[in-house]
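Biologist: I am new to this structure and would like to learn how to read it. Could you take me through it one feature at a time, with the general idea before the case?

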Amino acid sequence: MRISFTVFLAATCAITSEAFTVPQSSTRNYGASRWMSMSSEDGAQKSLVVISPPGGVGESTAVKAASMGSSVRWFVVSDSSNSKKVTLSQETLAAIAAAGGKVELAGADTESLLLPVEDAQSAIGAVSQWCGAADSLVCTFDGVENAVRQENAEDPVKRYMDSIKVAAKEAGRSVRGRKLAILPADTDDAAEETKDGGLLGSLLGGKKVEIPASLDGAMAADASKVVKLRHGELFGVPESSPDFSPLIGGPRRDPVLCEEYSMRSVRVDPTLSVSGNTLKSSNSRTSRLSVGEAAARIALGSVSAADGLDVFLSSQSGRNEVPDETWEEEFGRVEKMLSSGAGAQLFEASFSSVPDVERLADWIATKWAPAVLRTYELAGIRIGARPVYAVRAGDGRTEIVWQQLDNFETATVGKMIIQVSENGIVATRAPGDASKGFGSISRKPLNGEDVLVRTLADAASQAVEKGLAKKAVVEKQRSKKKAPVAPVSSVVASGDVVAEAPSAPSLESGPRQAGARRSSQRDRGTRRRKLTPPPEQGDDSKSFQ
């Protein structure tokens with residue numbers, strides 16, 4: 001049986017860090033590196049089981065939970081073709097010892113977890129036996145992308161994920177409390193819920209192992225109660241790893257902090273945005289240290305998280321360590337958004353007032369919705385679910401139901417809830433039939449949902465025209481006349497300066513009247529003017545001859 005019971009770290013004395021390796025081997029036992037134990041003084045120590053590949057988010061979660069004083073059993077699933085060490089630094093062990101926590105490590109390879117229980121080399125039975133009863137369970141896929149592809153073998157990443165699902169299913173049988181799945185933001189839950197999983201086994205015999213369809217479905221029979229913590233593009237190395245360094249390139253004259261320390265601030269949002277669309281990992285990045293800390297806090301109950309909570313964690317710029325109050329504030333804000341319906345809100349229209357709320361709700365359910373559902377854009381949907389009918393479901397509330405046909409049986413996959421109040425209309429997305437696997441809100445827009453949202457704006461206008469609602473009046477702000485600005489002078493007067501009034505214009509005033517004359521005679525035209533000489537004085541007699 002390929003399973004390793006290896007390291008027990010306790011808060012009793014100085015501990016020497018030793019490497020825990022899950023090598024490729026055909027032997028049944030991997031041999032222990034170190035064995036220690038610790039018992040809780042008051043018996044109130046919380047227990048946590050972590051199932052993950054070596055390193056990454058799994059290591060961050062296990063170390064953080066142990067540093068908070070809990071008892072952690074970390075089951076490491078390693079790739080059969082890749083040997084990777086799990087090493088904890090001396091500083092990490094000292095922090096765990098000071099907090100009174102405990103970490104126990106064990107592991108198995110992918111091949112032993114994909115063998116049937118009847119096989120002597122199978123590690124499935126030993127997983128549940130070693131993990132035992134615990135208060136919470138955390139599982140993650142971070143690290144499966146490092147699987148090595150072998151010749152004439154199927155996709156190694158898929159086999160790696162299948163082995164983690166099998167281990168999560170066995171460990172989840174004994175966990176009585178919170179179950180948390182750490183997933184990428186772009187994981188398609190709807191596609192995984194419709195898959196049937198699979199069966200692996202020998203081609204010659206009937207020995208087969210059942211593969212769950214999804215990670216949350218493997219952890220619990222009712223996947224809708226599993227808390228989902230989603231992340232963007234992961235970066236960073238676990239702080240407990242000896243390879244971790246807070247400085248890029250080591251000590252320098254101008255030190256540069258690594259991203260794990262320069263992006264410590266966090267933001268928690270519902271996975272469904274306010275517009276109802278899913279958040280994509282290509283637009284956000286998340287530190288592995290932040291994911292591990294958030295997972296540990298959710299699993300140990302230090303933050304408020306209801307069953308079935310689905311949140312997205314992103315890292316923001318900031319060098320200060322996130323305090324407990326900030327974590328509580330972030331999760332409290334998410335809980336408030338989800339309780340108010342803002343997490344999956346699709347449409348909102350405001351009115352000045354609605355004289356009769358029930359009359360407007362009846363008009364939406366009996367007049368507007370049936371007419372829209374009969375349009376070609378919605379009635380012509382042939383693949384997947386489509387909106388089928390609308391029904392009144394409470395005070396001022398109308399539900400539009402999406403259904404699809406599976407094996408000649410109808411299944412409700414989702415709803416749109418249109419709530420009419422005295423001040424407006426709000427439309428939100430809601431889950432479908434939980435018994436058919438649609439108990440969680442779809443993270444993708446439903447078929448034809450955009451058509452209904454677009455026509456809801458027309459419905460709001462029609463409601464105003466029909467007198468069912470009064471249009472919201474927007475008060476226009478009156479523009480204030482600006483007072484003329486007095487001219488600013490840079491001359492400092494010694495006393496009162498009286499400005500002289502300008503004189504009125506007059507026809508008698510001008511430069512000629514003031515005595516100004518031309519300096520020289522101007523030429524008039526191109527011909528030169530001939531001047532006649534004046535007559536000589538004293539010779540008047542000759543002029544009469």
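Modeller: Let us begin with contact, which means heavy atoms within 4.5 Å. Among contacts in the protein chain between residues at least 6 apart in sequence, 75% join residues at least 24 apart. This is a predicted model, in which local features need pLDDT of at least 70 and side-chain atom pairs count only at pLDDT 80 or more, while totals for chains, interfaces and linings use all residues. Residues are numbered from 1 along each chain as its sequence is written, and side-chain values use heavy atoms, with hydrogens and water left out.

Biologist: How many helices and strands are in the protein chain, and what percentage of its residues count as buried?

Modeller: Helices (H or I, at least four residues) and strands (E, at least two) are DSSP runs, numbered from the N terminus, and the protein chain has 13 helices and 21 strands. Buried means under 20% relative accessible area, exposed over 50%, and partly exposed in between, with a 1.4 Å probe and protein chains only; of the 545 residues, 43% count as buried.

Biologist: Which residues of helix α10 are buried, and which are exposed?

Modeller: An α-helix has 3.6 residues a turn, so residues three or four places apart point the same way. In α10, the buried residues are W327, E330, F331, V334 and M337. They lie on the same side of α10 because they cover an arc of only 115° around the axis, the arc being that of the directions from the helix axis to the C-beta atoms. On the other side of α10, E325, E329, K336, S339 and S340 are exposed. The cover over the buried residues of α10 includes β13 (265-270), α9 (288-300) and β15 (310-316).

Biologist: Is S287 buried or exposed, and what does its side chain reach?

Modeller: S287, which has its place in strand β14 (residues 285-287), counts as buried because its relative accessibility is 0%. A polar contact is a pair of N or O atoms within 3.5 Å; within protein, one must be able to donate a hydrogen and the other to accept it, and residues adjacent in sequence count only if both atoms are side-chain atoms. Here the side chain of S287 reaches the backbone nitrogen of L289 at 3.2 Å. Not counting residues up to four places away in sequence, S287 touches F235, E260 and S315.

Biologist: And where is E233 placed?

Modeller: E233 is in strand β12 (residues 233-235) and counts as partly exposed because its relative accessibility is 45%. Between E233 and S314 there are 9.0 Å in space, C-alpha to C-alpha, although they are 81 residues apart in sequence.
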